[in-house]
Amino acid sequence: MIDVTWMVIAGEEIKINAVVYLLWCIWVGWIFSTVGAFGGIMAGVGHISILGIGNWASKLKGKGISIGMYNDAGKYLTDHIRFSNTAITWLNSLSSTINWYT
């Protein structure tokens, strides 16, 4: 399949499947547009389970890094997933609200 580099951290290259990523984005977008905030939960499921980033966070736990205030690669990756899901939820809600009223 088509693997792309998602992130390089602590000397490890995290790759994800671009086709699965695109299909998951379409699925989550549909859920956001029909059900609402449940799309944020599905985005988290996608990041952690479907794309396998949760396994990477476990694997990188305890590896030293120096990114901002972070010194643990696993913690950085976990917080990155959490922030990404929050940003997706807020941006989608904002765009849906603007689209609803225009």
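Modeller: Let's start at L60: leaving aside neighbours within four places in sequence, L60 is in contact (heavy atoms within 4.5 Å) with I9, A10, E12, I14, D72, A73, G74 and L77. Before going on, a word on the source: this is a predicted model, where local features need pLDDT of at least 70 and side-chain atom pairs count only at pLDDT 80 or more, while totals for chains, interfaces and linings use all residues. Residues are numbered from 1 along each chain as its sequence is written, and side-chain values use heavy atoms, with hydrogens and water left out.

L60 belongs to α3 (53–60), a helix (a DSSP run of H or I, at least four residues; strands are runs of E, at least two; both are numbered from the N terminus). In α3, L60 is buried along with I53, G54, W56 and A57 (buried is under 20% relative accessible area, exposed over 50%, partly exposed in between, with a 1.4 Å probe and protein chains only). Looking down the axis of α3, these buried residues fall within an arc of 160 degrees, so they line one face of the helix (the arc is that of the directions from the helix axis to the C-beta atoms). The face turned away from that side carries exposed N55 and S58. On the buried side, the packing partners are β1, β2, α2 (38–50), β4 (70–72) and α4. Just after α3, G62 takes a positive phi of about 95 degrees.

Of its 15 residues, M7, I9, I14, L60, I65, Y76 and L77 touch the most other members. β1 (3–9), β2 (12–17), α3 and α4 each supply at least two residues of this core. A second, separate core has six residues, including I31, F32, M42 and A43.

As for Y76, its relative accessibility is 18%, so it counts as buried.

Note on methods. Core = buried A, V, L, I, M, F, W, Y, C linked by side-chain atoms within 4.5 Å.
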